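Q: Hey, I've just opened this one and I'm new to it. Can you walk me through a few spots?

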Amino acid sequence: MSDEYDLDAGPDPAEFAARNPEARRVDDPVYAVGIGPGNREFLTPRGARAIEEADVVVGFETVVEFVSATTDADLLTCGYRDEGETLSRFADRVAAGARGTAVLMGDPNHSGYQFLGKVERAVDRPVRLVPGVSSLQVAASRARTPMEDTEFVTLHKSGDLSDDLERLRAAAGDRHLLVLPRPFDLMPGDVARDLLDAGAAPDLTALVLERLTHDDEAVTTTTLESLAEHAGEETPFSDLSVLAVRRT
């Protein structure tokens with residue numbers, strides 16, 4: 001992870017990002033755009049315009065690659081190790097007057113707040129979120145798990161996940177579950193094993209939905225018990241996966 005912060009020591013950048021509501025109107029904001037699940041047909045027109053009109057775009061390399069053909073902006077890409085340095089370069093460009101846009105996979109409101117918080121701490125401008133379509137929303141459609149009857153938890157973040165796992169354990173069987181796994185230590189099989197150990201019914205229907213909206217999209221339908229056989233071993237599933245567990 002980035003050397004710019006220590007989640008155990010705090011503060012968590014996600015908490016920084018969520019500290020206040022957005023102002024209703026702001027001048028010259030930096031945009032934080034959810035680009036959807038990686039298929040450009042799921043990129044919203046508002047998000048596309050924020051990317052097209054930017055002078056500089058920043059994001060993780062795999063995310064920026066998905067939108068590189070849609071803009072003439074300078075592209076700043078990073079990984080976990082160099083995100084602080086890259087965001088500093090992005091902030092310098094914005095401070096010099098460039099129109100800046102940060103891009104995040106899916107919808108920034110699902111697993112994006114840690115990077116969003118780092119963007120906000122780096123730039124001396126208001127940051128305006130542009131929500132996107134997430135793989136979570138697509139998974140809910142494929143699995144037919146209405147969001148109002150679903151417990152959603154993202155494990156795709158740094159830090160302690162005890163409270164998040166406890167929410168899943170408490171809801172299993174009574175509500176549908178939608179889970180964004182954490183590559184690669186909490187993949188679908190690991191989550192299934194944790195739920196079984198907490199007393200979830202072994203015959204609950206589990207779906208692993210991979211690379212949603214892409215040409216090689218795959219959906220594996222099984223039971224919680226069978227899925228748990230993959231716990232603690234090299235996973236057969238992509239890191240671009242969503243786990244759905246249907247309620248009883």
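Q: Is the crossing of α7 and α8 right-handed or left-handed?
A: Right-handed. Keep in mind that this is a predicted model.

Q: At roughly what angle do the axes of those two, α7 and α8, cross?
A: Roughly 60 degrees, and the axes of α7 (residues 162–171) and α8 (residues 188–197) come within 9 Å. That angle makes α7 oblique to α8.

Q: Which residues meet there, between α7 and α8?
A: From α7 you get Leu-165, Leu-168 and Arg-169, and on the α8 side they meet Val-191, Asp-194 and Leu-195. Sorted by class, the contact has four nonpolar residues, two charged ones and no polar ones.

Q: OK, new topic. Which residues are buried in helix α6?
A: In α6, which covers residues 135–143, the buried ones are Leu-136, Val-138, Ala-139, Ala-140 and Ala-143.

Q: And what do the buried residues of α6 pack against?
A: Strands: β6 (150–154), β7 (176–180), β8 (205–210) and β10 (241–245).

Q: What about just after α6, which residue takes a positive phi?
A: That's Arg-144, with a phi of about 55 degrees.

Q: Now the other side. Where is Ser-134 found?
A: In the loop between β5 (127–130) and α6.

Q: Buried or exposed, that Ser-134?
A: Ser-134 counts as buried because its relative accessible area is 3%, and the cut-off for buried is under 20%.

Q: What is Ser-134 in contact with, leaving aside its neighbours within four places in sequence?
A: Gly-106, Asp-107 and His-110.

Key
Residues are numbered from 1 along each chain as its sequence is written. This is a predicted model: local features need pLDDT of at least 70, side-chain atom pairs count only at pLDDT 80 or more; totals for chains, interfaces and linings use all residues. Side-chain values use heavy atoms; hydrogens and water are left out. Buried means under 20% relative accessible area, exposed over 50%, partly exposed in between (1.4 Å probe, protein chains only). Helices (H or I, at least four residues) and strands (E, at least two) are DSSP runs, numbered from the N terminus. Contact means heavy atoms within 4.5 Å. Axes are lines fitted to C-alpha atoms, for helices over the stretch in contact, and angles run from 0 to 180 degrees between N-to-C directions. Angles under 35 degrees count as roughly parallel, over 145 as roughly antiparallel, 65 to 115 as roughly perpendicular and the rest as oblique. A crossing is left-handed if the near helix is turned anticlockwise from the far one by less than a right angle, and right-handed if clockwise. Ala, Val, Leu, Ile, Met, Phe, Trp, Tyr, Cys and Pro count as nonpolar, Asp, Glu, Lys and Arg as charged, and the others, Gly among them, as polar.
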